[in-house]
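Here's a quick walk through some charged pairs, a helix and a surface patch. Have the sequence and the 3D view open as you read.

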Amino acid sequence: MKRLLCLMLIFMMMLTSGCIQKKAKPSTERKYLVYNLGSLPSDLLMLDNDNVREKDLLLVLFEGLVREDKDGNIIPAMAEKIDISKDKIQYTFKLRQGLAYSDGRSIKAKDYERLFYKVLSQKDNAFAKQLYCIFGAKDFSEGKVEFQNVGIVAKDDITLQIRLNSPNEYFTKILSNPVFTLREDNVDMKDWKNSYGHIQYSGPFIINNINKDGEIKLVKNKKYWGASKIVSNEMLFTSIEDEEKALADFETTQYSDTSKIDVFVSPPISEVNSLSQENKTEVIPSQSMYYLNFNLKSKNRVDNENALDLNFRKAIDVIIDRELIIETIAEDLAVPTISYTPSASDANTKLSFNTSANKTKGEEFLKISTNYKKNRELNLIYESKNFDTKVSNEIAKNIKEYLGVKVKCIGYTKEDLKKVLVNGSYDIVFLKNDVEDGDIYNFFSKWTAYSKDNIYGYNDLNYDKTIENAKLESNDKNKIAIYNQAQEILAKDLPCIPIYIANTVICKKENIKGIYTTKSGNLIFDYAYKDNETATK
């Protein structure tokens, strides 16, 4: 009995002295936010890269002359002041005093002159043509003139003048594109994962470390002109490409594990509705649109006898149930459209596409189709991504159900899809078009006979003339009216069908504050921070 009492006393003393304690979660949780970027870019120039998410990294590391604010307005960035001539052709950018790279070297107007030189001179550059509105830029890019003949001149250390061919209301929006942020074109930028410590950063953050798992530690750039307004001192960007894995890390609440995620974009489609109901998502409209483009070329076909004629294309158009498809997949992912461009539906145009299916009309068009052959199977191709795959298969179901036409859906990687489109061995492609330069009407230029983007065989002389007239028109109201005429021609000929306007779906924890999204879909982290007080409530 005495021995038992001694043991009990010893046990009680241990409890009061703290030798035996309850397991508790760590008292210090991480202070910084974690954003999953997804895939990491191959380089930090990204001139051959149209991945919106990867360009989020450009915007935290580098700064342009201008930038887009949370309301979608273009505001001065490194350029403190912008003067525009009365004829709206010459832009004079006055740089802020004392601008410097992260290593302390001064930033001068010549640096921007050199940036545009590099962009225009690089071969196979997807973004050079956005600068063709600048005097001489197109001729220089094509090797016809020297750069001194281009309308981009550093007048002194803080003054950059840019002269356009004609007025362009979207010019400053073009300059807000992440690819026009200031950075050097050197081996360090191409081998950035190993050479991040040698890079001269011009933006709000610098890369402090990259570990073997592809996690990027970012710290505030103290030399950045607006450093005092940047809220977070550090952030972590992860590179988890698998959507399911990203979601699993997002939903984990172990504060001590720095690899867990606070913010990521594009959750698995199957989880969007439930995440939305739990108030874990933020849906942002974008200017990205999806279309069905038809192969109108005779290449790889005998006398074009198997091409989809106009009535066949009309039949497909009227039976696509845009509303039902999105309801079936996930309502937050996209918005059915009735026009060719994101904002054209309210531009006083007569053009209108139905968002629901009309089986009767579809059957009528199919009956008068001259090229339709019974039991023929269509090849519908798309990029092998979650959304594209599911929508393509739903469209195929619509065509089979309402027209009785079999459709074979084939998904490709991005690079392989380009090859198939050039080769021409397909009938229809489900494809996205992004508005990166702010000019939604650039979409129509892509369908002219002389456009490199028109790989589908569409050719209409009246359409081409209409687009040329729109480009030459200086009055904005008249320009829109002419583009509406072009829309009506395109709707009559139907080389493509608009399907959806895509949304950007952001998964974000309640205690993450201050992130905003540009109209192009980029996330801006200048004012972002993790509110630990919210997390403990």
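## A strand-to-strand salt bridge

Lys508 is partly exposed, with a relative accessible area of 22%; that label covers whatever falls between buried (under 20%) and exposed (over 50%), using a 1.4 Å probe and protein chains only. Its partner is Glu282, and the closest N and O atoms of this salt bridge are 3.9 Å apart. A salt bridge here takes a side-chain nitrogen of Lys or Arg within 4 Å of a carboxyl oxygen of Asp or Glu. Lys508 sits in strand 17 (residues 496–508) and Glu282 in strand 12 (residues 281–294), so the pair ties together parts that are 226 residues apart in sequence. Glu282 is partly exposed as well, at 31%.

A word on the model before going on: it is predicted, so local features need pLDDT of at least 70 and side-chain atom pairs count only at pLDDT 80 or more, while totals for chains, interfaces and linings use all residues. Residues are numbered from 1 along each chain as its sequence is written, and side-chain values use heavy atoms, with hydrogens and water left out.

## Other salt bridges

The structure holds 28 salt bridges. One of them joins the side chains of Arg114 and Glu184 (3.7 Å, N to O). This pair links distant parts of the chain, 70 residues apart: Arg114 is in helix 3, and Glu184 is in the loop between helix 5 (171–175) and helix 6 (187–190). Helices (H or I, at least four residues) and strands (E, at least two) are DSSP runs, numbered from the N terminus. Arg114 counts as partly exposed, at 37% relative accessibility.

Lys419 counts as exposed at 56%, whereas Asp416 is partly exposed at 33%. Back with Arg114 and Glu184, salt bridges that share partners join these two with Arg105 and Asp111 into one network.

## Glu113, tucked away

What does a buried glutamate like Glu113 touch? Glu113 is in helix 3 (residues 109–121) and has a relative accessible area of 14%, so it counts as buried. Leaving out residues up to four places away in sequence, Glu113 touches Phe147, Ile152, Val153, Ala154 and Leu160; contact means heavy atoms within 4.5 Å.

Its side chain also makes a polar contact of 3.1 Å with the side chain of Lys110. The term means a pair of N or O atoms within 3.5 Å; within protein, one must be able to donate a hydrogen and the other to accept it, and residues adjacent in sequence count only if both atoms are side-chain atoms. A polar atom of the Glu113 side chain also lies 2.7 Å from the backbone nitrogen of Ala154.

## Helix 13

Helix 13 (residues 386–403) has 18 residues, which at 1.5 Å a residue should span 26 Å; its end C-alpha atoms are 26 Å apart, so the two agree. The expected span is 1.5 Å times one less than the number of residues. Buried residues in helix 13 include Phe387, Val391, Ile395, Ile399 and Tyr402. Just after helix 13, Gly404 takes a positive phi of about 75 degrees.

## A nonpolar patch

Val231, Tyr527 and Tyr529 make a nonpolar surface patch of about 250 Å². Tyr529 is in strand 21 (residues 529–530) and is partly exposed, at 32%. Patches are made of residues with over 30% relative accessible area and no salt bridge; like charges are joined within 9 Å, and nonpolar side chains (Val, Leu, Ile, Met, Phe, Trp, Tyr) within 5 Å. Accessible areas come from the Shrake-Rupley method with a 1.4 Å probe, and for residues only the protein chains shown count as cover.
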